[in-house]
Amino acid sequence: GIVALLVVILALLALQNLESVTVAFLGFSLRAPLAVVIIAIYLLGMLTGSGLMWVIRRSIAGARHRAPGPHH
């Protein structure tokens, strides 16, 4: 379903963006195909987003646990 569609879209993206680009960050530079850079940034965003959601959920659960009064 949706995963297969995303795989096809990523494959098309990779095939149509084979030229290399240089990415510079904090004095480091990397030369890689544009599709690889886009996919890496997407995956990095997924990891940081899910990590942030984990921290938020944990802090909410901790606040509920420490809150005075009846617990559900």
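Student: What is the relative accessible area of V21?

Tutor: V21 has a relative accessible area of 24%, so this residue is partly exposed. The scale calls a residue buried under 20%, exposed over 50% and partly exposed in between, with a 1.4 Å probe and protein chains only. The structure is a predicted model, in which local features need pLDDT of at least 70, side-chain atom pairs count only at pLDDT 80 or more, and totals for chains, interfaces and linings use all residues. Residues are numbered from 1 along each chain as its sequence is written, and side-chain values use heavy atoms, with hydrogens and water left out.

Student: Which element is the place of V21?

Tutor: V21 belongs to strand β1, residues 20-25. Strands (E, at least two residues) and helices (H or I, at least four) are DSSP runs, numbered from the N terminus.

Student: And which residues does V21 touch?

Tutor: Leaving aside residues up to four places away in sequence, V21 is in contact (heavy atoms within 4.5 Å) with L30, R31, A32, L34 and V37.

Student: How many residues apart in sequence are V21 and V37?

Tutor: They are 16 residues apart in sequence, and their C-alpha atoms lie 8.3 Å apart in space.

Student: In what sense do β1 and β2 pair?

Tutor: The pairing is antiparallel and runs over six bridges; DSSP must find at least two bridges for two strands to pair. Within it, S20 faces P33 of β2, and V23 faces L30 of β2.

Student: How many residues are between β1 and β2 in the hairpin?

Tutor: Two residues separate the strands of the hairpin. L26 is in this turn, and its phi is positive, about 50°, although L26 is not a glycine.

Student: Is L26 buried or exposed?

Tutor: L26 is exposed, because its relative accessible area is 70%. This residue lies in the loop between β1 and β2.

Student: Turning to the helices, where is the place of I9?

Tutor: I9 sits in helix α1, which covers residues 2-16. With a relative accessibility of 45%, I9 counts as partly exposed.

Student: Where in the chain is confidence lowest, and where is it highest?

Tutor: Confidence is lowest in helix α2 (residues 34-66), with a mean pLDDT of 81, and highest in strand β2 (residues 28-33), at 88. Here pLDDT is the predictor's confidence in each residue, from 0 to 100.

Student: What pLDDT does the chain average?

Tutor: The chain averages 81, and 92% of the residues score at least 70. Where pLDDT is low, the predicted coordinates should not be read in detail.
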